Amino acid sequence: MNDVQHSSLPRRGGLGLLVLFVAAFLTITTETLPMGLLPQMSKGLGTSESQVGLLVAVYAFVIMVVTLPLASWTARWPRRRLFLVIMAAFAVSNLLMALAPSFPVAIVGRVVAALVHGVLWSMMAAYATRMVTPERAGRAVATVYAGNSAALSLGVPLGTAMGNALGWRSAFVALAVVAAVITALAPALLPHAPGARSSDSSVTKAFRIPGVLAIALATTLIMLGHFTLYTYVAPYLAHAGVTEQAVSPVLFAFGVAGIAGVWCAGLLVDRRPRGALLGAVGIMVLALAALAAFGSFTPATIALTVVWGLAYAALPTFLQSAALKAAGAAQAAASALFIIGFNLGIGGGSLVGGQILDHLGAPALPAVAAVLAVLAWLLVLGARTSAFPRSPRFRSVVGAGSTPEPAPARGTTEPRPEASVQS
C-alpha cells in the first residue's frame, strides 16, 4: 500500500468523511431514539415507560464503564478494520432491538451497541484528520460532529415519526439497514490508517500530557451545564408558556440552529480555535443567564433557546480538536477521556437537573446551568498554554506520534510523513 499525495487526500477524504458523518448520525440516533418511542416500546415489550427509559440510562452507563479499557485494547487496530467491526455491532444491536420479544433481550441489544459506541467516538475525530491535509483537520472534525447535530435535529424526529406510523420496531430495522449498508460500502470508501503504538494508548500517559485533563474537565462542566437544563427542557418550556404542541417545533429549531453552529465551528476551528471556543461558551452563558432572567416571556424564551442551541453545538468540535492537538501520540486515550467527560456530563446533568426541578422548580434550571457554564469558561480562559492555546496548528494530529520532519526542498513533491495516509 502506497502513501498518497496531499493532492489526492481531499478527493478520497471527502468520501471517507461522508461515511463518518453517516456513522455519527447513526450512532447518536441509535442512542437517543428510545426517548421518542417510550409509550410504543412500553406496550410492545410489556413493561412500564420508566423501565423502558432504562434502555437509555444503561446505554450511557456502559459507555462510561467500558470506553477507556476497550479504546486502549483496540488502539493498535487498523482504523478501517475497527470501524467495520463497530458498524457490524450497530447492525446487530438494532436488529436485536427490532426483534426483541422481551425487555431483557432489548437490554442485550442496547449493550451490544453501547460497548462500541465510545470506542467509535474516541477514534473518529483522529481518523477524520488523517483523510485531509493538515490545514483542514479541524474542519474534518466538524464534519463528524455535524452528524451528531443532524441526528438530534432530524434523526430522532424522523425515527419517532416512522415508529408512530409503522410501529416502533420499524425504526430500529431502518437503523440496522443503514448500519449494514455502511459496513458494506466502507471498505471501498475509507482509507487505510494504522493504529497507535502500544505505548500511545496508555490512559495514564494521556492524563500526564499537559492540557488533556483541563480539556476533559472543561468538557464535563459544559455538558453538566447543558444537560442540567436540556434533559428537562420540556417542563421548562411549559413553565415559560410554550404549549405542548409547540415544544417539538422549538426543539427542532434548536437542532437546526445546532447544525449552523457546527458549520460555524468548522470555519473557525482551524483559524481561531481559542477565541472561537471562548466566544461560543460565552454566548451559551449569556443565553442561559437570559433564560433565567426573562424565562417568563415566551417569545424571548424561544429565541434564546435557539441561540443556546447554536452556541452549544459548536462546542464539541472545538473541545475534541483541542484534545487532539494536546494529545500528540496518545490520541486514542485522550479521545476516550473526552468521551468519558462528555457522558459524565450527560448523566451528571440529568441528576443535577432532576434535583433542581424537584426542589427549586423549572425556573431555577437555566441559572444553575449558567453557573456551570461560567466555570467552564473560566477554565478555558485560564488554560491558555497547552490545553487551549491561540495557535490553530494541529500538533501531530495526522499520523499521530510521528516526529515532524523538515519540509522538502523547493521543487520536490514528496509529502511529509505525518500527513500521509495509507491507501
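Contact here means heavy atoms within 4.5 Å. The model is a predicted one, in which local features need pLDDT of at least 70 and side-chain atom pairs count only at pLDDT 80 or more, while totals for chains, interfaces and linings use all residues. Residues are numbered from 1 along each chain as its sequence is written, and side-chain values use heavy atoms, with hydrogens and water left out.

On secondary structure, the protein chain has 16 helices and 0 strands (DSSP runs numbered from the N terminus: H or I of at least four residues for helices, E of at least two for strands). Of its 423 residues, 55% count as buried; buried means under 20% relative accessible area, exposed over 50%, and partly exposed in between, using a 1.4 Å probe and protein chains only.

Next comes confidence. The mean pLDDT (the predictor's confidence in each residue, from 0 to 100) is 80 for the protein chain, and 83% of the residues reach 70 or more. Helix α5 has the highest confidence, at 95, and helix α9 (residues 203-208) the lowest, at a mean of 65. Two stretches stay under 50: residues 1-11, with 26 contacts beyond four places in sequence, and residues 394-423, with 67 such contacts. Where pLDDT is low, the predicted coordinates should not be read in detail.

Helix α5 (residues 79-99) comes within 8 Å of helix α6 (residues 103-129), axis to axis, and the two cross at roughly 155 degrees. (Axes are lines fitted to C-alpha atoms, for helices over the stretch in contact, and angles run from 0 to 180 degrees between N-to-C directions.) That makes α5 roughly antiparallel to α6, a label for angles over 145 degrees; under 35 is roughly parallel, 65 to 115 roughly perpendicular and the rest oblique. The crossing is left-handed, in that the near helix is turned anticlockwise from the far one by less than a right angle (clockwise would be right-handed). Residues from α5 in this contact include Phe83, Ile86 and Phe90, and those from α6 include Val112, Val116 and Leu120. By class, the contact has 17 nonpolar, 3 polar and 3 charged residues; Ala, Val, Leu, Ile, Met, Phe, Trp, Tyr, Cys and Pro count as nonpolar, Asp, Glu, Lys and Arg as charged, and the others, Gly among them, as polar.

Helix α5 also packs against helix α8 (residues 168-189), at an angle of about 160 degrees and with the axes 8 Å apart. This again makes α5 roughly antiparallel, here to α8, and the crossing is left-handed. Among the contributors are Leu84, Asn94 and Leu95 of α5, along with Trp168, Phe172 and Thr183 of α8. The tally by class is 20 nonpolar, 2 polar and 2 charged residues. Thr29 is buried, with a relative accessible area of 2%.

Helices α10 and α16 (residues 365-382) pack at about 165 degrees, with axes 8 Å apart, so α10 is roughly antiparallel to α16. Their contact has 16 nonpolar, 2 polar and no charged residues. Thr231 lies in the loop between α10 (212-230) and α11 (233-239) and is partly exposed, at 34% relative accessible area. Thr231 and Gly353 are 122 residues apart in sequence, yet 7.3 Å apart in space, C-alpha to C-alpha.
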